[in-house]
Amino acid sequence: MKEPTLGNPQNTIEVLQKYQFNFQKKFGQNFLIDTHVLDKIIRSADITKEDMVLEIGPGIGTMTQYLAQAAGKVIAVEIDKNLIPILEDTLSAYENVRVINEDVLKVDLAELAEKENGGKPIKVVANLPYYITTPIIMGLFENHVPLKSITVMVQKEVADRMQVGPGTKDYGALSLAVQYYAKPYIVANVPPNCFMPRPKVGSAVIRLDRYEHTPVQVQDEKLMFRIIRASFNQRRKTLANGLKNSPELNFSKEQIEEAIASLGKGASVRGEALTLEEFADLTNYFSHKFKE
Ligand code: SAM
């Protein structure tokens with residue numbers, strides 16, 4: 001199979017000029033122009049010819065070429081119709097790639113994995129459009145897309161939020177949601193000069209390995225996520241006040257105080273001090289003892 005031709009500034013500029021492509025800010029377009037970073041992503045995603053890879057936002061096909069070389073099959077979903085003729089050109093030497101011109105948030109990815117990979121778990125690899133990082137990642141988990149791992153470039157600050165534990169300023173609903181479904185691991189930090197155009201923020205590659213069994217057991221997953229959201233909605237408030245004031249929850253003041261006390265915590269504890277296990281225990285206490 002053909003060696004990748006993209007991934008450096010000269011070839012990227014050549015393709016962009018050939019097609020007179022204009023970057024669209026609203027689509028979060030920052031294309032990778034560093035072969036070392038591309039190699040690192042492909043290596044850390046651990047792709048073999050057995051794998052089907054879903055790439056979100058192939059751009060001009062830079063990473064897609066690397067993925068096509070390593071994987072059995074690549075499905076790339078790109079929203080910008082102006083990139084489709086470019087992708088037809090840059091990916092013409094790769095027979096194992098299918099490009100879909102769609103908004104990834106509107107695609108039924110579980111159905112796509114079923115059709116294209118017989119329901120076997122897929123790997124997601126992408127340099128994500130940063131404006132929709134969270135909905136993309138949460139959508140993959142919550143819609144039960146069969147997944148082995150997600151290896152993605154995200155804003156550095158968001159990568160930090162995904163992997164930190166309680167008691168740090170970055171800890172929040174995203175940390176808990178990600179860590180409920182997967183084991184996070186930051187692979188590399190990537191500076192703005194590895195992209196064209198340069199983003200204003202630093203970036204990082206993070207790998208999320210999907211758990212076969214979630215690390216905590218909760219009777220009512222949806223209730224746990226409502227409790228988590230309520231706990232972090234008002235950061236400076238106590239956990240008790242966060243839960244009392246939430247429009248998403250209907251427990252009484254007494255029920256909330258009893259449930260928090262069951263954790264062995266004082267009344268002034270804040271949500272950001274609780275581990276995932278403690279959120280699970282709190283949720284199970286509510287589900288066993290009280291009706292909303
Ligand atoms: N993979 C390319 C690279 O690394 O050079 C491009 C990455 S760029 C950060 C993000 C890509 O996602 C762009 O090509 C953009 O058009 C595409 N994109 C943005 N929003 C999208 C959406 N909702 N669905 C699918 N693709 C999207």
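Predicted model: local features only at pLDDT ≥ 70, side-chain atom pairs only at ≥ 80, totals over all residues.
**A first look at the cavity and its ligand**

1. How many cavities of 30 Å³ or more does a search of the whole structure find? The search turns up one. The space in the largest cavity comes to about 350 Å³.

2. In all, 29 residues line the largest cavity. If you want to find its centre on screen, look for Ile56, Gly57, Gly59, Glu78 and Asn127, the lining residues nearest to that point. By class, the lining is made up of 17 nonpolar, eight polar and four charged residues.

3. Where does the ligand sit? Its place is in the largest cavity. Strand S1 (31–32) and strand S3 (73–78) are the elements that provide two or more residues of the shell around the ligand.

4. That shell is worth a visit of its own. There are 23 residues around the ligand, and those that come nearest are Gly57, Glu78, Asp103, Asn127 and Tyr131. Sorted by class, the shell holds twelve nonpolar residues, six polar ones and five charged ones.

5. On the backbone side, an N or O atom of Gly59 is 3.3 Å from a ligand oxygen atom, and a backbone N or O atom of Val104 is 2.9 Å from a ligand nitrogen atom. Tyr131 takes part through its side chain, where an N or O atom lies 2.8 Å from a nitrogen atom of the ligand. How much of the ligand does the protein bury? On its own the ligand would expose 590 Å², and the protein buries 99% of that area.

6. Two details of the backbone also deserve a glance. Most peptide bonds are trans, and most residues other than glycine have a negative phi. Against that background, the bond from Met196 to Pro197 is cis, and its omega is near -15°. You will find Pro197 in the loop between strand S8 (195–196) and strand S9 (203–210).

7. To locate Gln20, go to the loop between helix H1 (9–18) and S1.

Note on methods
Residues numbered from 1 in each chain as written. Heavy atoms only, no water. Near = heavy atom within 4 Å. Polar contact = N/O pair within 3.5 Å; in protein donor to acceptor, adjacent residues only side chain to side chain. Areas by Shrake-Rupley, 256 points an atom, 1.4 Å probe, with all protein chains shown as cover. 1 Å grid on protein atoms, 1.4 Å probe; cavity = no way out; pocket = protein on both sides within 12 Å on 5 of 7 lines; lining within 4 Å. Sits in = over half its atoms within 2 Å of the grid points. Helix = DSSP H or I, 4+ residues; strand = E, 2+ residues; numbered from the N terminus. Nonpolar A, V, L, I, M, F, W, Y, C, P; charged D, E, K, R; others polar. Points joined across faces, edges and corners; volume = space filled by probe spheres on them.
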